[in-house]
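Me: I am new to this structure. Could you take me through it in short questions and answers?

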Protein chains: 4
Amino acid sequence: MLEPTRVGLIGYGYWGPNLARNFHQLPQANLVAIADLDAKRLEEPARLYHARTYTDYRELLADLTLDAIAISTPARTHFEIASAALEHGKHVLVEKPLAVSSDEARQLIALAERKGRVLMTGHTFEHNPAVWKMRELVQQRAIGDVYYIYANRVNLGRVQRDINALWSIAPHDISILLYVLGAMPLDVSARGATYISEKVEDVVFVTLTFPNKILAHVHASWLDPSKTRQMTIVGSEKMIVYDDVDAEAKLRIYDKGVYKHGSAFGESQLKIHSGDIYIPKIDMSEPLRNECAHFIECVRDNKCPRTDGENGLRVVRVLEAAQASLACQGKVIRIE
Amino acid sequence: MLEPTRVGLIGYGYWGPNLARNFHQLPQANLVAIADLDAKRLEEPARLYHARTYTDYRELLADLTLDAIAISTPARTHFEIASAALEHGKHVLVEKPLAVSSDEARQLIALAERKGRVLMTGHTFEHNPAVWKMRELVQQRAIGDVYYIYANRVNLGRVQRDINALWSIAPHDISILLYVLGAMPLDVSARGATYISEKVEDVVFVTLTFPNKILAHVHASWLDPSKTRQMTIVGSEKMIVYDDVDAEAKLRIYDKGVYKHGSAFGESQLKIHSGDIYIPKIDMSEPLRNECAHFIECVRDNKCPRTDGENGLRVVRVLEAAQASLACQGKVIRIE
Amino acid sequence: MLEPTRVGLIGYGYWGPNLARNFHQLPQANLVAIADLDAKRLEEPARLYHARTYTDYRELLADLTLDAIAISTPARTHFEIASAALEHGKHVLVEKPLAVSSDEARQLIALAERKGRVLMTGHTFEHNPAVWKMRELVQQRAIGDVYYIYANRVNLGRVQRDINALWSIAPHDISILLYVLGAMPLDVSARGATYISEKVEDVVFVTLTFPNKILAHVHASWLDPSKTRQMTIVGSEKMIVYDDVDAEAKLRIYDKGVYKHGSAFGESQLKIHSGDIYIPKIDMSEPLRNECAHFIECVRDNKCPRTDGENGLRVVRVLEAAQASLACQGKVIRIE
Amino acid sequence: MLEPTRVGLIGYGYWGPNLARNFHQLPQANLVAIADLDAKRLEEPARLYHARTYTDYRELLADLTLDAIAISTPARTHFEIASAALEHGKHVLVEKPLAVSSDEARQLIALAERKGRVLMTGHTFEHNPAVWKMRELVQQRAIGDVYYIYANRVNLGRVQRDINALWSIAPHDISILLYVLGAMPLDVSARGATYISEKVEDVVFVTLTFPNKILAHVHASWLDPSKTRQMTIVGSEKMIVYDDVDAEAKLRIYDKGVYKHGSAFGESQLKIHSGDIYIPKIDMSEPLRNECAHFIECVRDNKCPRTDGENGLRVVRVLEAAQASLACQGKVIRIE
């Protein structure tokens, strides 16, 4: 059996502790080093995981025994830190968004290729069994034609100062949409508003058009009384509600639809069909654990991750276009 | 005591039976005549209410003993029928939307004034005790500054062929927004998509900007697996969730907010406050009954209805602007 | 086509208005007379239904044109009034419980037989499509062996002074249990407590043993914050939750169970199986309307009702035994 | 600052991992040794916590550097293992139930006293902030007189072979009842049934009478489709629903009640009051973490635990009486 992969973690703020816990629990990984600017925050992981700690990530990267680096720092620093890690010959997992511009994302992809290292984006929901099931239902056309999709991801959560709700929250839904539909949107528009800070949108509404007239809509906000993580897919024959917060019924498949019937006088007749509801049993594995295990597996077997750099780039391209729309009062922006 | 007001109902399709039932139950009203194009549909109310029935609404209007007319016909016919009723000197209640253009709405208002008759719009939700409570909380600033509001009104419901989801479903939310905020929006944008019919949007997303940077968003669709009628008002100090489908908790008031604190170095600090939830007892009277009773009261006491013609016009103006935006891929349309 | 059956209603208190509304709406019935001790209460139905009204039920029974009588008076008066109605040659529908003793119930059955008239008990839930579906699932063994069943029927509802929660609320669940299982219980025990009145239990817990070791438990109370009407059937292979208050999911069928496996050392091994959930589409017809229509149908076609006198007697026998147990601190009472 | 308390854990089956995780995370504790009969199961904690592992708990107890022992082994072994630990001079935390007879429990209490060591029972729910709040509301009479309480603790969970649902599940509710009411029950009765094993009840219904006519009822089962952990306290002025599974609303306080009014003719009149609902913000700390921290605190400061041996004994006495009732078909058993 192989030695466990030696993992270093950079960024122990909001999300880092979850990555640390998961890497610590994986038998095939060893979390040996953690870096964060805040020395105080490093006391806990030092005690819990017996990991070496650094306040300068460059010192961590200098550790020649480390195989792989996970990065959960503020989005604006992803490019610099991921570049440095790749330059040091490390395999890299970057939290979403991969970078804050498609330019940066492309450079990271190129660098990873040149160095022959794994570059993975932390799009957790693509490692979520409920999302796998949705993709399967959509791709196998079990719900007929997809009409439209809408997602709500709101909470009274972390109000960020450096990136807005579009870049902070919406990447999850955009990554799910691209994955489930297996396509890029043709265009995107977005409107939002700033309340807490002057320049950072606390709430955004994003509308995307996909091929085949599929409309998608994402509502993201960190100013909302209740934690909601819901996506509804309306198909011509069935409809799916994915509620990530519901422990018993993550996916509900409604055998409901509206059918068109041909009619004598050129006008079609409509019939609404309202049927059974089916809640498939979904494997309850923690998506982040799946993500971490997949990263380690790609590192060890030299495989391309499901959520690779290109995957991260696609989401960044959509975010970039949505940001451009946000700046122009919701003007529709084409995505090439 | 006065004789009961003699009421005629025009339109016994989807909504008409509800109006009939309510007018029948009101002691101060007498439902004496019902018209519908479909003679078959008139059998039931003839039996239940001992009402005279007509397949031509003009014959009904010719009945000189009728004091008041309620109209629940397709939206495109509102103007013609309401005009005729007013010309016959009847008091008129028109289902929402008041008309399909602001021009029509203005003509109805002028005609009602000339004839000295009551013209009321059937914006049911402004006769809903839960909405009254929301308005009170907002107007008394009990939730601090209003930041943003979003509404979901979706269902697998009546797919209409003559008007889209914007004109059919969204009037409810627009009327609530105008009523609760006590203001007209500055601008509106809307995107939607057509699936069942080629020219009728089955789903629309409407974004409105109100004074004081208040953003509002309405999602309306008749292609959705679950009946949802929800509105969330996010304020600086408290947040309200209004769920019209929840029997026990129509309104939830969250003592939650994000506070800015001044700070030494010019940068404000944030504190998220997550507190108690309070579910006020709401009078369970049926809003439509309130609406019908209010109409009869206005007729008898010659009062101006809470949801008068001007009120109906305001909603039509917003719908018109939203329709213009829909036609231009979501371009922001100013409302004068 | 036959003339509509002429129906008289005795008792216009809490439940009577529901019977009145349903008989009024049935095309094959004519609600022509209503009696209640309270003349004031009769004003409303006189206006709504153009029914003749009486404060003495004997006058109503003297109306020779009446074919059938529905009785929704206090339970203690059922025997006297139903007897009188049968003596007058009327068909009779009696609200649950049929009578307050098995003796009375047996006399009513005998009288109806002698007079050749329909005697039906108003066990509404046996006219409920969701309950039909449960019975079908149980009787076809689609859930394997039935292990145990428990029901909660609580509310902050009508606090009665003449009968306790056992006789007022639990008849519903007992009627459902007998119907779904197709069997009488072998024994019953009950405990309860009195808070509001000294002699009337506000809350009761009833435990019943059915053949095949099936245990059933009923919790009935009118002192409870939330309206709950739930029954859970635990089977060896599947489990059913019936929630009468849930509009979307009246029945949930859980593909869950505990399996025993043979094992080498005489000790069986257990495996818990946790699977899909299935929510069948249930016909949304109003159970009380089904009940009223069924009564009229039995009257017109001279058929024996699904919930006939014998059915009512069986429930009364269980209630009687439970009452005896209640008086002996929960002693188990055999049912012959 | 003191050295962290050195903790050994005996039993790493279903619950042990939760204790291990919590002791590991507490800064003031050091989880240094873990024992379990199954060597295979010990691999994980050895890796995660760098703890020494033993398959014989006696070897663990022989470690002189250990200050305190947590025991999460099958209930029947609690007495033997806790006795041995106390004999070795260790402070002891025993999972509920403290022992399988009051005799054993009393011996443990006496031994702990003789040895001058802390003996704590793992009644987690008495370390739960929601339960603290309920006790406060009840003890301060904020809900008026307590009328009755009922609890549902069901799940498709661990089917046990050595102890029944009474001893395995109901201790939680009994401990909550005793704690919230601050009193012992006067008597108890219980009925149950066995399905999976011949001698082990899978489901039990327990009825308890407390002073002041307070009735309590507990339904415990491991054969149920949905995880439910609910307790309802009905008071004369307010009612509380405690739902441990609800993340947003652990406690709901209903401003509802039934009032008696004096009346002229000796008969009181009733008025049902249905009011607001209030959901207090509850501290979200993990109860088990509170419990572990409290144990360490008692060990270090030589304090008597909130859930001490006497507390554990009281629950065992109720369980013993309930078991006796179970054996006699629900006969009411007095508790001295």
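Me: Which rotation superposes chain B on chain A?
Reply: This is a predicted model. Superposing chain B on chain A leaves an RMSD of 0.0 Å, with 0.0 Å of shift along the axis. That is the relation of a two-fold axis. The rotation is 180°.

Me: Which residue of chain B comes closest to the rotation axis?
Reply: The distance is taken at the C-alpha. It comes to 3.2 Å. The residue is Lys331(B).

Me: Why do the copies, chain A and chain B, meet through the same surface?
Reply: Look at the interface residues of chain B and ask which are also interface residues in chain A. The copies meet through the same surface because that share is 100%.

Me: Which element gives the largest share of the side of chain B that touches chain A?
Reply: The contact takes 35 residues from chain B and 35 residues from chain A. Strands of chain B that give two or more residues to it include strand 7 (146–156), strand 9 (203–210) and strand 14 (269–279). The largest share is six residues, and it comes from strand 11 of chain B.

Me: In what order do the six strands of the open sheet in chain B lie?
Reply: The pairing is parallel. Strand 3 (52–54) and strand 6 (119–122) of chain B are the edge strands, as each pairs on one side only. Neighbouring strands are turned by 25° against each other on average, direction ignored. The order is 3-2-1-4-5-6.

Me: Which residue in strand 3 of chain B is the bridge partner of Ala35(B)?
Reply: Strand 2 (residues 29–35) of chain B runs parallel to strand 3 of chain B. Three bridges join the two. The bridge partner of Ala35(B) is Tyr54(B).

Me: Are helix 4 and helix 5 of chain B roughly parallel or antiparallel?
Reply: Helix 4 (residues 78–87) and helix 5 (residues 102–115) of chain B pack with their axes 10 Å apart, at an angle of about 10°. Phe79(B) and Leu86(B) are among the contact residues of helix 4, and Leu108(B) and Lys115(B) are among those of helix 5. By class, the contact has six nonpolar, one polar and two charged residues. From the angle, the two helices are therefore roughly parallel.

Me: Are helix 5 and helix 10 of chain C roughly parallel or antiparallel?
Reply: Helix 5 (residues 102–115) and helix 10 (residues 309–327) of chain C have axes 9 Å apart, at an angle of about 170°. Residues that meet include Arg106(C) and Ile109(C) in helix 5, and Leu313(C) and Glu320(C) in helix 10. By class, this contact has six nonpolar, three polar and four charged residues. From the angle, these helices are therefore roughly antiparallel.

Me: What ipTM does the predictor give the complex?
Reply: Chain A averages a pLDDT of 95, and 97% of its residues score at least 70. For the complex, the pTM is 0.95. The ipTM is 0.94.

Terms used:
Residues numbered from 1 in each chain as written. Chains lettered and ligands numbered in written order. Predicted model: local features only at pLDDT ≥ 70, side-chain atom pairs only at ≥ 80, totals over all residues. Pairing = 2+ DSSP bridges. Helix = DSSP H or I, 4+ residues; strand = E, 2+ residues; numbered from the N terminus. Axes fitted to C-alpha atoms, helices over the stretch in contact; angles between N-to-C directions. Parallel < 35°, antiparallel > 145°, perpendicular 65-115°, else oblique. Contact = placed C-beta atoms within 7 Å. Nonpolar A, V, L, I, M, F, W, Y, C, P; charged D, E, K, R; others polar. pLDDT = per-residue confidence, 0-100. Least-squares fit on C-alpha atoms with pLDDT ≥ 70 in both.
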